[in-house]
Amino acid sequence: MLMKKILLIIALSLGCFAVSAQGIKDIRINEILVLNEDSYADAYAHKVGWIELFNSGYSQVNISAAYFRHIYGNDTVTYRIPKGDTRTNMAPQGYLVFFCDGVADKGTFHTNFRLDADSAQIAANGGKMVLQLLDQSGKNVIDCIEYDVTTQTVDNSYGRVLNDEGELVLAELATVTPMQSNETHERIPKSELFFKEDPSGISMAIVAMSVVFSALLLLYLIFKNVGKLMQSTARKKAERELIAAAPTPAAKVAVAAIPIDEDIDGETVAAIAMALLRYEDNLHDIENTILTINKVAKVYSPWSSKIYSMRQMPNRK
């Protein structure tokens, strides 16, 4: 009984871990602002660079104990999101903003690294920086953004948006959008774009008819070839059965020599086989005109004697 409880606890723990791991994979770095002078401010009214996370899933995800990793040159700084803060529970399709002021003791949403760099750091390490989001194990990278601090402009953020091909890419946004979608303009549905290109619907009709007739042609070819294959198989089977049913070796050879094609059915072949059989039955050797009569000698046996098979009449006295 104790072993069953232990196994049940282990199974539940593994299940919870799998659900948690699947949920944390739905989190992505949605937007970053490196140089903040007159944009979104923290609770202390300070304007610093910030990171926006987005829960792309449809279930609540707790990101506590996950990690940020900031790599700049040979320096790597890691920030672990503290546990115990209910605000780290991200709602489905929800957003969270972390302020990167390099002062982690201000609270949960203040990291111990900055997104920008001074001129001395840039001179020493260049402008390339890497920002990573890791899961609770601190080993698996969930999302990553690479940027050049030297190309950043004041109060202009970078975020993930859909391009014309429908792919999610990192691009400079037209306006800063903390705690909201990066799509600042309404996207025209593809159906409306198609309607503008083909208002009469002729192209759609031609495409639809082409698809339908192509499917019908394909089905016709499939059924035709399948039918031929089945007929060929049936003819070969009939040949084997007729050869096996032939009563004599000569009949077997004759039946095997009959060409069975599409114009000769099984009944015709059967009639030909029966005619050959009757023909063989009527064949006989040419006899000469000399008749030879041999006397048949019967060996005597009391078992075949009639005297023992007749009852004797009783004698009258």
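This is a predicted model: local features need pLDDT of at least 70, side-chain atom pairs count only at pLDDT 80 or more; totals for chains, interfaces and linings use all residues.
Which residues of strand S4 (residues 67-72) lie on its covered face, and which on its uncovered one? Residues are numbered from 1 along each chain as its sequence is written, and side-chain values use heavy atoms, with hydrogens and water left out.

**View 1. The two faces of strand S4.** Phe68, His70 and Tyr72 form the covered face of S4, whereas Tyr67, Arg69 and Ile71 form the uncovered one. In a regular strand, side chains alternate between the two faces of the sheet. Strands are DSSP runs of E with at least two residues, helices are runs of H or I with at least four residues, and both are numbered from the N terminus.

**View 2. The partners of strand S4.** S4 pairs with strand S5 (residues 75-80) in the antiparallel sense over six bridges, where pairing requires that DSSP finds at least two bridges between two strands. The two strands form a hairpin with two residues between them, and Gly73 in the turn has a positive phi of about 65°. Six bridges also join S4 to strand S8 (residues 128-134), again in an antiparallel arrangement. Tyr67 stands opposite Arg80 in S5, and its bridge partner in S8 is Leu134.

**View 3. The open sheet of five strands.** The strands follow the order S7-S2-S1-S10-S11, with antiparallel pairing. Strand S7 (95-99) and strand S11 (168-172) stand at the edges with a single partner strand each, so one side of each is left without a neighbour in the sheet. Neighbouring strands of this sheet are turned by 35° against each other on average, direction ignored; the axes are lines fitted to C-alpha atoms, for helices over the stretch in contact, and angles run from 0 to 180 degrees between N-to-C directions. Strand S2 (residues 50-55) is joined to S7 by five bridges, the two running antiparallel, and Trp50 stands opposite Phe99 in S7.

View 4. An unreviewed UniProt entry lists residues 201-223 as "transmembrane region"; UniProt positions are given in the numbering used here, feature names are shortened, and annotations may be inferred rather than shown by experiment. In the model this span is 96% helix and 0% strand, and its end C-alpha atoms lie 33 Å apart. The protein chain has six helices and eleven strands.

Note on methods. Buried means under 20% relative accessible area, exposed over 50%, partly exposed in between (1.4 Å probe, protein chains only).
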